[in-house]
Amino acid sequence: MEQPTLDELSEVVAESKPAVAVDGLLGTGLNGEVREPYNTAIKVINGLHLPVVAIDVPSGLDSDTGEVHGVCVRACATVTMGLPKVGLLKPAATDFVGRIEVVDIGFPRQLVHDLRADVELLTAQDIAALLPPRRRAAHKGDFGHVLIIAGAEGYTGAPVLVAHAAARAGVGLVTLAVPQNIYPIVAANCPPEVMPRPMDFEHLGPTTFAGFDAVAIVPGWAITLRHKRWFGKS
């Protein structure tokens, strides 16, 4: 039987007007380059510009190494069975797997617990158990105050990223100290729960840290100090 061409397959799909594509062409046993008709089918899927859900592993991806065997489906989500395949977690697979969802298919818990691998997938469910529940009557003053010292001219991204991370991690109060010359840029990009303020890093001392439960010193502040000392600039 003659295999359909790429244009013919694309035309068939276009006529059906699908809302989502489900990829179940190839599984974990792929060995060697993807051959026809799968090669053409994968190209059609990638050309649909639709959400793609891959079953177990995106077709064309090596489930052990994460490498692509010629062509590979670009999924926005991969629903993998039982356990995440090692290849799905490798850097080479990042652009193809999308969001990874693990479906329980009844593997004995002890068998899963005894498995050892050089990679690990952390999920929201894994982390949730480590976070204590918060009282409904709690307020931001109950969850610590962190001081972030960061930034320099041309280095405005790091302070904002760290401030976002601190707020999302659950810190009650976040104070972000940056040099005066980048303060307007940083303040405009901070989440509303972060309190930015200008600071002269040369005058850091014990009183700077009073009232804080933790201090984070991140990229940029040392550059500001060197810039002042070497060139006498403020």
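User: How many salt bridges does the structure hold?

Analyst: A salt bridge is a side-chain nitrogen of Lys or Arg within 4 Å of a carboxyl oxygen of Asp or Glu. The structure holds 3 salt bridges. This is a predicted model, in which local features need pLDDT of at least 70 and side-chain atom pairs count only at pLDDT 80 or more, while totals for chains, interfaces and linings use all residues. Residues are numbered from 1 along each chain as its sequence is written, and side-chain values use heavy atoms, with hydrogens and water left out.

User: Which residue meets D56 in a salt bridge?

Analyst: K85 does, at 2.8 Å from N to O. The pair links distant parts of the chain, 29 residues apart: D56 is in the loop between β2 and β3, and K85 is in the loop between β3 and α3 (94–97). Helices (H or I, at least four residues) and strands (E, at least two) are DSSP runs, numbered from the N terminus.

User: How do β2 and β3 pair?

Analyst: Two strands pair if DSSP finds at least two bridges between them. Strands β2 (52–55) and β3 (77–81) pair in the parallel sense over 3 bridges, and A54 has T78 in β3 as its bridge partner. β3 also runs parallel to β4, joined by 5 bridges; here V79 is partnered with E101 in β4.

User: In what order do the strands of the open sheet lie?

Analyst: The order is β7-β6-β5-β8, 4 strands with parallel pairing. β7 (194–198) and β8 (214–217) are the edge strands, each pairing on one side only. From one strand to the next the twist averages 20° (axes are lines fitted to C-alpha atoms, for helices over the stretch in contact, and angles run from 0 to 180 degrees between N-to-C directions). β5 (145–149) pairs with β8 over 4 bridges, with V146 opposite A214.

User: Which helix lies across β5, β6 and β7?

Analyst: Helix α6 (157–169) does, running at about 170° to β6 (173–178). Contact means heavy atoms within 4.5 Å.

User: Where does the largest share of the lining of the largest pocket come from?

Analyst: Rolling a probe the size of a water molecule over the atoms shows where empty space is left. On a 1 Å grid over the protein atoms alone, with a 1.4 Å probe, a pocket is an open set of points with protein on both sides within 12 Å along at least five of seven lines, and lining residues have an atom within 4 Å of a point. The largest share of this pocket's lining, 3 residues, comes from α4. The lining has 23 residues, with G82, L83, P84, V112 and L121 nearest the centre.
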